[in-house]
Amino acid sequence: MEISNYIEYTLLKPTTSERDIMDLCDEAKSHDFYSICISSCYVPLAKQLLLGSDVKICTVIGFPLGSMSTQAKVFEAEKAIEDGADEIDMVINLGYLKSRNYVSVLKDISDVKLAIGKTPLKVILEISELNKNEIIKASEICLDAKANFIKTSTGFSKSGATLTAVKIIKKTVRNKAKIKASGGISDFDTAIKYIDAGADRIGTSTAIKSKNNRRQIRNTKIYKDYIKTVLNSETTTQNTKSIKETSSKDI
């Protein structure tokens with residue numbers, strides 16, 4: 001499995017500098033990551049840095065609280081796309097959700113999706129703040145709002161992704177929306193567990209690479225087998241030659 005196809009290489013620290021973004025883009029290109037996920041102010045810079053590469057640019061809106069007005073989220077999303085963003089990650093309005101004001105939650109997501117059209121929209125639920133029923137309800141609303149992905153976490157709350165939450169979301173949305181597991185995933189084996197649980201993307205601030213060592217081990221094994229075959233073949237040839245020479249002398 002090429003884990004790079006799943007990775008959204010993330011850098012959303014408030015202290016992130018332009019140099020940090022340059023390094024992020026360089027790493028994303030060198031590892032063939034699916035995308036980078038950055039704050040919207042750096043989208044124009046990333047667009048220049050990633051020109052000619054296949055790495056996509058994802059940016060966050062309404063981040064990290066999700067409690068700003070829908071109009072503000074719409075403007076932020078439209079501006080990000082104008083600047084070069086390929087995908088949008090928006091934070092759900094947790095206050096509306098906790099108030100059971102589901103109509104406002106739906107409108108918040110729907111208005112952003114309507115504004116960005118075919119651009120993929122991921123809705124961040126912040127699962128550490130939700131119980132199972134709230135995760136299910138939020139996922140159902142995301143489906144109604146035509147969101148393309150449901151994302152687990154911002155990384156700014158109590159905890160990040162959990163396998164349990166990913167499984168709950170997957171059971172709820174089935175194949176009607178995709179899942180982005182984000183928050184606390186920092187190694188290959190953990191990422192694979194989330195993919196096996198139903199995640200289609202992995203948001204991480206760690207440059208998780210495909211276990212090329214596995215590929216190297218496999219390639220090394222193939223090479224060793226090849227060498228062994230060659231050596232055996234040469235040994236067989238030499239033995240055959242020796243037998244022939246011996247037989248020839250006997251004659």
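Mentor: Helices (H or I, at least four residues) and strands (E, at least two) are DSSP runs, numbered from the N terminus. This model is predicted, so local features need pLDDT of at least 70 and side-chain atom pairs pLDDT 80 or more, while totals for chains, interfaces and linings use all residues. Residues are numbered from 1 along each chain, and side-chain values use heavy atoms, without hydrogens and water.

Trainee: Which way do the residues of strand 2 point, and are they buried or exposed?

Mentor: In a regular strand the side chains alternate between the two faces of the sheet. In strand 2 (residues 35-38), Ser-35 and Cys-37 point one way, and Ile-36 and Ile-38 the other. All are buried (under 20% relative accessible area, 1.4 Å probe, protein chains only).

Trainee: In which sense do strand 1 and strand 2 pair?

Mentor: Two strands pair if DSSP finds at least two bridges between them. Strand 1 and strand 2 are parallel, with four bridges, and Tyr-9 stands opposite Ile-36.

Trainee: Which element gives the most to the lining of the largest pocket?

Mentor: Helix 1 does, with four residues. On a 1 Å grid over the protein atoms alone, a pocket is an open set of points where a 1.4 Å probe fits, with protein on both sides within 12 Å along at least five of seven lines; lining residues have an atom within 4 Å of a point. Here 24 residues line the largest pocket, and Thr-10, Leu-11, Leu-12, Lys-13 and Ser-205 lie nearest its centre.

Key
Buried < 20%, exposed > 50% of the residue type's maximum accessible area, 1.4 Å probe, protein only.
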